Amino acid sequence: MERWSIVISIKTLFFRIEDISRQQLPLLVKPPPNLNKMKSIVLVCALIAAAYAAPQGSSTEPIPIVKDESQINGDGSYQYAYETGNGIVADEKGELKQVGDVQAISVQGEYSYPGENGETIHISYTADDQGFHPQGDHLPTAPPVPEAIQRSLQYIASAPASADASAQPSK
């Protein structure tokens, strides 16, 4: 019985607070004078955000796969090749090789795709226990070694090894 009286008391208190709020709310809170203008600004901002969120591409058509070949052999070797309708082409072959006392995969392949300026970017590569080695005309290369540095490297390589070569100079 006591539990029901607590529930009734809480409901009664809630309704009294609600009645008081309804009577005094218009006196305490006045709507801002430019409410319609603010609603219009929020609506315009929402439309601009929706326009920026829309897909920007000229076409939403899926890109067709022109060629898709794949072969996985029981000895760990594999080969795959694919070509897409937008000019992306890839081809790769891999096989297991013995490196020391472990087997490692050795891969060679190539891929190409149309660049932003319209010319085709072509990369050929190998990947093995020595790392990944890409080759392509558009890849940056190191600048040539200056002649003075080249001469000093040749001099160091041709200089005889001295007996004190293992000794460190004192600081």
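K97 has A104 as its bridge partner in strand 4. Strands here are DSSP runs of E with at least two residues, and helices are runs of H or I with at least four, both numbered from the N terminus. The model is predicted: local features need pLDDT of at least 70, side-chain atom pairs count only at pLDDT 80 or more, and totals for chains, interfaces and linings use all residues. Residues are numbered from 1 along each chain as its sequence is written, and side-chain values use heavy atoms, leaving out hydrogens and water.

Strand 3 (residues 89–99) and strand 4 (residues 102–114) are antiparallel and share 11 bridges; two strands pair if DSSP finds at least two bridges between them. Strand 4 is also joined to strand 5 (residues 120–128), by eight antiparallel bridges.

Strand 5 continues to strand 6 through a hairpin with two residues between the strands. Five bridges join this antiparallel pair, and Y125 stands opposite P134 in strand 6.

Together, six strands form an open antiparallel sheet in the order 1-2-3-4-5-6. Strand 1 (65–72) and strand 6 (131–135) each have a single partner strand, so one side of each lacks a neighbour in the sheet.

I156 is exposed, with a relative accessible area of 59%; exposed means over 50%, buried under 20%, and partly exposed in between, with a 1.4 Å probe and protein chains only.
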